Amino acid sequence: MTSKRLDLSRGQILGHRRSVGALDTRLRAGGASLRTAAWAGLQDSMPRAALLSIHARVEGTDPDAWAHPALVQVWGPRFSAYVVAAEDRAVFTLGRLPEDAAGLKRAVGTADRLEAYLDGRRMTYSEAGHGMGISPNALRYATTTGRVLIRWDGARRPEIWIVPRPDVEPREARNELARRFLHVLGPGTPTAFSNWAGIKPPRARAAFDDLSSELVPVGTPIGDAWILAGDEAAFRAPEPVRTDAVRLLPSGDTWYLLQGVERELLVPDPVLRGQLWTSRVWPGALLVAGEVVGTWRRAEATVSIQPWRRLTALQRDAVEAEAAALPLPGLAGPIRTRWDT
């Protein structure tokens, strides 16, 4: 790792994250933009969360965007449901394959048993698990072999089936996963990467060691960390002018998929942090002009907004327009906004 150190401000860090995350200006519709939007994966644990994350980043998102041929669903980091680019499947699966004997045996053994039981079929993971005589949730361990795909529309239990193992070495996939993390959520540390990816700390440290020639040390308001050398110029650029963009980010969106001290950079106020990262299901995050300024939840066609500060009339109008544009299928009527103040 290079010995020079770059000191970064909060504004530089969040500006870079917004830029690479396409949260200031939406990307043009298309498969390439979907892959960019899913560069660090799109968590889909809440029904259609990935769809709303795509909508926040890509123009013209329709209700079926999550099922685009350029995308697939897997059990990704921390064994959560994820939408990822089809060509990046290995990164989010094999990149997390255990290296210890017990973990590797469990992953490969579960995948082998599942393949034998399915015998080319697709079925719900509940049916498969019970048919195999194991807990359906235990089938998630097979995902790190890269051989398992799922499909979950948010209403029924996920379907599961077997596909060929990607022709990628697990170490290569793990290192690329670390690059994705650093590019989209950097600056980062091995500990933060371990927490985000759901892999053991030694494997996270090994990834950073492997990438040593590609990393630059930085100082941040929450401590020392690392960025990709390829991102240094972007970080060194003057703090970007904040746009007036408004985004309704769903529960678990990449923008705030953070743990521990990493959350302090995004939301410095501890009281407000407790409102965003709750002990139960997280609410969505309201992003206005580059800052999280509140939370939101939805019940059918009603979107409830809980602002943390007073918004201008123009900002409130923009929030209501963004809510009305959410590409949610199956609603009985138009979306309406309720302000909880």
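The structure is a predicted model, in which local features need pLDDT of at least 70 and side-chain atom pairs count only at pLDDT 80 or more, while totals for chains, interfaces and linings use all residues. Residues are numbered from 1 along each chain as its sequence is written, and side-chain values use heavy atoms, with hydrogens and water left out.

Helix α1 (residues 10-20) packs against helix α7 (residues 170-185) at an angle of about 115°, with the axes 7 Å apart; axes are lines fitted to C-alpha atoms over the stretch in contact, and angles run from 0 to 180 degrees between N-to-C directions. The two helices, α1 and α7, are therefore roughly perpendicular to each other. On the α1 side, His16, Arg17 and Val20 meet His183, Val184 and Leu185 of α7, where contact means heavy atoms within 4.5 Å. By class, this contact has three nonpolar, two polar and one charged residues (Ala, Val, Leu, Ile, Met, Phe, Trp, Tyr, Cys and Pro count as nonpolar, Asp, Glu, Lys and Arg as charged, and the others, Gly among them, as polar). Helices (H or I, at least four residues) and strands (E, at least two) are DSSP runs, numbered from the N terminus.

Strand β10 (residues 246-249) pairs with β11 in the antiparallel sense over four bridges, pairing being assigned if DSSP finds at least two bridges between two strands. Here valine 246 stands opposite valine 288. Strand β11 also pairs with β12 (residues 291-299), again antiparallel, over five bridges; alanine 285 stands opposite threonine 295, and leucine 286 has glycine 294 as its bridge partner. Two residues lie between β11 and β12 in their hairpin, where alanine 289 takes a positive phi near 50°.

In a regular strand the side chains alternate between the two faces of the sheet. In β11, Gly284, Leu286 and Val288 point one way and Ala285 and Leu287 the other, and all are buried (under 20% relative accessible area, with exposed over 50% and partly exposed in between, using a 1.4 Å probe and protein chains only). Five of the five residues of β11 are buried, so this strand is largely enclosed by the rest of the structure.

Strand β12 continues antiparallel to β13 (residues 302-307) over six bridges, with glycine 294 opposite proline 307.

Terms used:
Parallel < 35°, antiparallel > 145°, perpendicular 65-115°, else oblique.
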